[in-house]
Amino acid sequence: MSFKSVVMTRKFKFTEHSADVYIETSGNNLEEAFSSIAIGLGFLIIESDNVDDKVEKKIIVESEDMESLLFDFLSEILIFQDAESLIFHNVIVEKIEKNKGIWSLIAKAKGEKFNPKKHKQGTHVKAITYHNMEIKNQKGKFKVRVLVDI
Amino acid sequence: MIYEKGDFMKNMNVELKKINDFEWEIPIGTVPNMNVPGRIFASEKLLNKIKQDRTLLQCAGVATLPGIYKYAITLPDGHQGYGFPIGGVAALDYEKGGISPGGVGYDINCGVRLVKTNISKVEMCEKIKELLEKLFEYVPSGLGSKGKTRIKSEKEFDEILEKGAKWAIKKGYGKEEDLKHLESEGCLDLASAEFISHNAKKRGMPQLGSLGSGNHFLEIQYVEKIYNEKVAKVFGLEEGKTTLMIHTGSRGLGHQVCSDYIRKIEKEFPEVIKKLPDRELVYAPAGTELAKKYLKSMSAAANYAWCNRQMILHWSRQAFEKVFQKSSEELGMDVLYDVAHNIAKIETHKVEGEMKKVYLHRKGATRAFGPGNPEVPDVYREVGQPVIIPGSMGTASYVLVGTNEGMEKSFGSTAHGAGRTMSRYAAKKKYLSETVKKELGEKNILIKAASKSGISEEAPGAYKDIDEVVRVSDETGIAKIVAKLRPMGVIKG
């Protein structure tokens with residue numbers, strides 16, 4: 001799955017919650033679904049379609065279950081947001097696997113430093129939450145939903 | 001292993017028992033395993049809003065926590081959060097209960113500071129435009145805003161985490177007297193930087209001394225009405241004089257501390273989650289090492305927030321000095337008070353006649369201690385602690401005073417704001433920033449924002465009625481109204 005296909009079709013959607021916002025998606029496999037959620041997160045932070053691939057970061061996480069894997073993966077993106085002002089609109093999860101009860105994920109995130117003159121500021125995301133988090137396999141499609149604290 | 005959670009959340013119907021016109025009970029048994037009832041402080045009007053989301057069920061969920069005393073409280077501004085509702089209080093036994101990062105929230109010590117001035121409304125009208133420009137220039141705000149101060153080393157940053165506003169004063173950001181007028185004097189002594197992750201520090205270091213975005217703001221207001229002359233006099237509030245309000249928190253540092261500890265706790269105590277209706281309610285059991293480490297780290301994040309507000313006050317004073325060509329002393333820019341809205345503290349409260357040591361969680365709630373309490377600064381002790389409740393953008397804010405009735409009824413706590421009725425996302429779709437700006441302009445409120453979406457998200461229509469929220473606080477006696485502040489100009493992050 002290419003970056004373009006996710007962005008062009010906007011596979012993620014945002015839905016409402018009293019104070020916060022859900023990012024939802026479905027994908028043909030977990031990797032695709034997690035990629036779309038991460039890209040959705042990027043578009044929540046910067047709304048304009050002009051975040052270029054100037055920097056690439058590799059993200060590797062290991063967690064005890066699928067939900068915490070998603071939590072940890074997206075938290076890594078927020079660390080880049082605050083620590084280095086890096087915004088990613090191009091995220092590809094290359095591999096998710098479970099080995100001896102441990103879930104692991106490898107992803108490539110591409111983007112650039114936030115530039116208020118260039119980018120349209122969306123919403124600063126404070127944190128990822130577990131609240132009503134959903135990861136399910138529905139007739140071969142992986143549906144994922146996460147609530148982020150804004 | 002495919003998850004589907006949230007069955008507990010699906011039933012939205014909660015039967016309430018009426019205690020009186022402003023207090024309602026969620027009976028034990030509403031959800032399984034409740035240890036105490038829930039208690040809602042609200043008028044019928046606010047209750048109707050509260051019923052529209054899952055606030056009541058979340059309140060019932062909090063009542064399932066171990067060692068919880070009296071009842072899980074939802075305040076008049078309560079709205080749905082994740083796990084814990086926002087606008088809530090929970091007292092968990094210090095030995096048999098626990099401490100929950102979700103019961104504090106991701107923005108640790110998000111809070112407000114109110115600063116007095118002797119500048120009249122009329123004088124302010126002439127300069128407000130210029131003042132907003134200067135404040136915008138001097139105080140970093142907006143998405144990914146960074147502080148103007150570069151912290152030299154992690155060692156120095158650790159000192160900030162452990163000393164809070166005291167560090168800022170030592171470095172020349174303000175004066176010694178400022179400290180006396182901050183909750184906990186702007187520094188929780190049990191804070192330690194030792195158990196804070198490198199990631200959390202990485203997120204927080206570049207942001208120290210910045211407003212951020214979201215609902216954070218700087219506001220110029222005037223005192224529109226005094227309701228209680230005696231207390232207003234002690235607080236130094238005078239009708240027609242202007243004030244400055246600062247609303248921000250611990251930025252990325254606090255957010256990461258919360259995330260880190262939710263993860264640590266669930267890894268160490270997986271059996272805890274199994275019993276909970278929502279994973280976000282996870283707590284570190286009392287007496288464990290992790291409970292101690294979270295408390296120390298959360299306190300350090302709270303200190304960061306007090307330091308942050310102190311630095312912002314310093315630059316705000318400089319902006320005032322520049323515009324009014326007078327020193328901040330001549331302008332009478334003294335801190336009235338500074339309160340935390342998201343925090344957990346070890347406190348002692350009377351429960352059924354006995355004093356109990358508890359982890360007191362306030363999530364979207366303001367401490368409101370009554371007269372005579374040693375935690376209340378000397379100058380205010382006779383009347384009670386000042387309580388600052390900000391309205392939404394463009395609506396009034398209020399100063400209240402804590403009561404001894406509140407100590408009995410709500411563990412010395414009251415509401416923290418208007419409380420949302422509409423999601424940020426929905427508000428953004430519904431309100432155009434230009435329209436909001438125009439409407440505020442018609443009310444003579446100027447706005448300067450780092451982003452357009454920031455204006456729409458915080459549109460006044462997205463919030464509950466602040467006047468009604470403080471009226472309930474006053475009627476129930478958990479905190480009494482002292483003064484109403486009307487906005488003149490806002491800087492939005």
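Which residue stands opposite Ile26(B) in β3(B)? The residue is Gly38(B), which faces Ile26(B) across the pairing of two strands in chain B. The model is a predicted one, in which local features need pLDDT of at least 70 and side-chain atom pairs count only at pLDDT 80 or more, while totals for chains, interfaces and linings use all residues. Residues are numbered from 1 along each chain as its sequence is written, and chains are lettered from A and ligands numbered from 1 in the order in which they are written.

**Chain B as a whole**

Chain B has 18 helices and 19 strands, where helices (H or I, at least four residues) and strands (E, at least two) are DSSP runs, numbered from the N terminus. The radius of gyration of chain B, taken over C-alpha atoms, is 21 Å, close to the 23 Å that the globule rule (2.2 Å times the number of residues to the power 0.38) gives for 493 residues, so chain B is as compact as a globular protein of that length. Along the principal axes, the C-alpha atoms of chain B fill a box of roughly 60 × 50 × 50 Å. Of the 493 residues in chain B, 64% are buried; a residue is buried if 20 or more other C-beta atoms lie within 10 Å of its own, exposed if 12 or fewer, and partly exposed in between, with C-beta atoms placed from the backbone. Two residues are in contact if their C-beta atoms, placed from the backbone, lie within 7 Å, and among contacts in chain B between residues at least 6 apart in sequence, 77% join residues at least 24 apart.

**The sheet of chain B**

| Strands | Sense | Bridges | Residue pair |
|---|---|---|---|
| β3(B) and β4(B) | parallel | 3 bridges | Ile40(B) and Thr74(B) |
| β4(B) and β5(B) | antiparallel | 4 bridges | Thr74(B) and Gly88(B) |

In a regular strand the side chains alternate between the two faces of the sheet. Both faces of β3(B) are covered, with Gly38(B) and Ile40(B) buried on one side and Arg39(B) and Phe41(B) buried on the other.

**Helix α5 of chain B**

In helix α5 (residues 154–163) of chain B, the buried residues are Phe157(B), Ile160(B), Leu161(B), Glu162(B) and Lys163(B), and what covers them includes α6 (165–170), α8 (198–204) and α12 (289–324) of chain B. The helices α5(B) and α12(B) pack at an angle of about 95°, with their axes 6 Å apart. That makes α5(B) roughly perpendicular to α12(B), since angles of 65 to 115 degrees count as roughly perpendicular, under 35 as roughly parallel, over 145 as roughly antiparallel and the rest as oblique. Ile160(B), Leu161(B), Glu162(B) and Lys163(B) of α5(B) make this contact with Ala300(B), Asn303(B), Tyr304(B) and Cys307(B) of α12(B). Just after α5(B), Gly164(B) takes a positive phi of about 60°.

**Where chain A touches chain B**

The contact between the chains takes 39 residues from chain A and 44 residues from chain B. On the side of chain A that touches chain B, the elements that give two or more residues are β1 (13–16), α3 (66–84), β6 (127–138) and β7 (141–149) of chain A, and the largest share, 11 residues, comes from β6(A). The strands β6(A) and β7(A) run antiparallel and are joined by 8 bridges, with Thr129(A) opposite Leu147(A) in β7(A). In their hairpin, which has 2 residues between the strands, Lys139(A) takes a positive phi near 45°.

Pro116(A) lies in the loop between β5 (102–113) and β6 of chain A, and, not counting residues up to four places away in sequence, touches Gln121(A) and Gly142(B).

Notes. Two strands pair if DSSP finds at least two bridges between them. Axes are lines fitted to C-alpha atoms, for helices over the stretch in contact, and angles run from 0 to 180 degrees between N-to-C directions.
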